[in-house]
Amino acid sequence: WRTVLDDADLVWQRMPTAWYEGPFLGNGFLGSGIYAEPGASSTAVRFNIQHSEVQDHRPEFGSLFGLARLPIGWFTLEPVGAVTGLDWRLSLRHAELTGTLTTDRGTLELRALVHNDRSVLAVEVTASEGERGFRWVFHPADAISPRAAFKPLPDGYRGNPPAQVTDHDGITAAVQPLLAGGQHVTAWRERTRGRTRTLYAHVAHSYPGTTALGRALTAVRRAAQLPCSALAVDHRAWWYTYY
């Protein structure tokens with residue numbers, strides 16, 4: 001069975017340019033699709049952030065608007081140099097993405113997973129000398145029904161206010177208040193261990209209360225104590241049992 005799964009791994013040797021071309025990670029709640037950041041001059045890689053519990057709570061505007069799943073945002077992995085090649089493998093058995101991103105300044109060795117139980121996106125990057133200055137940037141999305149892009153808005157409907165980005169003792173949180181009450185929060189931090197930097201991110205949603213912030217900070221704080229190799233132990237155990 002291991003041989004069957006390994007033979008079915010997905011492999012990329014050129015940059016995917018849209019969400020439906022790229023690797024995907026998730027646990028049924030938190031999910032991420034990985035592909036080139038749109039834009040002719042961009043050399044960044046987008047890790048979009050989605051969560052199945054994040055929705056609006058205004059039923060008076062109907063299911064397509066008032067109860068819609070809400071966009072959360074995305075991280076961009078921004079290399080120092082221009083991307084010249086990549087070699088990625090999505091292991092189905094391990095539920096992990098691994099591989100190399102090559103630029104005209106060096107290489108970025110990548111390992112990424114969405115931990116099954118912790119619901120944390122962990123992306124470990126080991127940079128060569130020329131790429132040590134790479135960075136992560138989070139881009140909050142407008143918290144409005146995606147149908148607003150192509151359908152008339154119901155009378156009185158408007159998007160939720162912008163997210164508020166704040167620092168919490170080394171953890172950054174984008175707190176998205178909702179007009180109906182409640183909130184969803186994306187929290188993240190980076191940890192450096194030798195030449196390796198690891199991004200940890202978690203999304204929490206609460207309605208009608210505002211408990212999401214505390215839960216998101218706690219999840220990131222606990223996960224960030226562990227390197228990817230340690231997080232992978234029980235993550236892989238779950239997936240091996242599943243298969």
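User: Which residue in S9 does Leu110 stand opposite?

Analyst: Leu110 stands opposite Val125 in S9. Before we go further, please keep in mind that this is a predicted model.

User: Noted, thanks! How many bridges join S8 to S9, and which way do they run?

Analyst: Seven bridges join S8 to strand S9 (residues 120-127), and the two run antiparallel. Another facing pair there is Leu113 and Ala122, the latter in S9.

User: What does the turn between S8 and S9 look like?

Analyst: It is a hairpin with five residues between the strands, and Ser119 takes a positive phi near 55°.

User: And on the S7 side, how do S7 and S8 pair?

Analyst: Strand S7 (residues 96-103) pairs with S8 in the antiparallel sense, over seven bridges. A hairpin of two residues joins S7 to S8.

User: Is S8 mostly buried or exposed, and why do you say so?

Analyst: Mostly buried. Seven of the nine residues of S8 (residues 106-114) are buried, so the strand is largely enclosed by the rest of the structure.

User: Zooming out, what is the strand order in the open sheet?

Analyst: The order is S1-S6-S7-S8-S9-S14-S13-S12-S11, nine strands with antiparallel pairing. At the edges are strand S1 (10-12) and strand S11 (164-168), each pairing on one side only. Ignoring direction, neighbouring strands of this sheet are turned by 15° against each other on average.

User: Which strands does helix H3 lie across?

Analyst: H3 (residues 228-242) lies across S7, S8, S9 and S14, and runs at about 35° to S8.

User: Now H2: at what angle does that helix run to S14?

Analyst: H2 (residues 212-223) runs at about 155° to S14 (196-206). The strands that H2 lies across also include S9, S11, S12 (171-177) and S13 (183-193).

User: Changing topic: which residues have the most contacts inside the largest nonpolar core?

Analyst: Those are Phe47, Phe75, Trp88, Val123 and Trp136, in a core of 35 residues. Apart from that core lies another one of 17 residues, among them Val120, Tyr200, Ala204 and Ala223.

User: What is Phe47 in contact with, leaving aside its neighbours within four places in sequence?

Analyst: Phe47 is in contact with Ser32, Gly33, Ile34, Trp74, Phe75, Leu77, Leu110, Val123 and Trp136.

User: How many residues of S3 are buried?

Analyst: Seven of the seven residues of S3 (residues 30-36) are buried, leaving the strand mostly covered.

User: What joins S2 to S3?

Analyst: Three bridges join S2 (residues 24-26) to S3, running antiparallel. Leu25 has Ser32 in S3 as its bridge partner. The two strands form a hairpin with three residues between them, where Gly28 in the turn has a positive phi of about 95°.

Notes
Residues numbered from 1 in each chain as written. Predicted model: local features only at pLDDT ≥ 70, side-chain atom pairs only at ≥ 80, totals over all residues. Heavy atoms only, no water. Buried < 20%, exposed > 50% of the residue type's maximum accessible area, 1.4 Å probe, protein only. Helix = DSSP H or I, 4+ residues; strand = E, 2+ residues; numbered from the N terminus. Pairing = 2+ DSSP bridges. Axes fitted to C-alpha atoms, helices over the stretch in contact; angles between N-to-C directions. Contact = heavy atoms within 4.5 Å. Core = buried A, V, L, I, M, F, W, Y, C linked by side-chain atoms within 4.5 Å.
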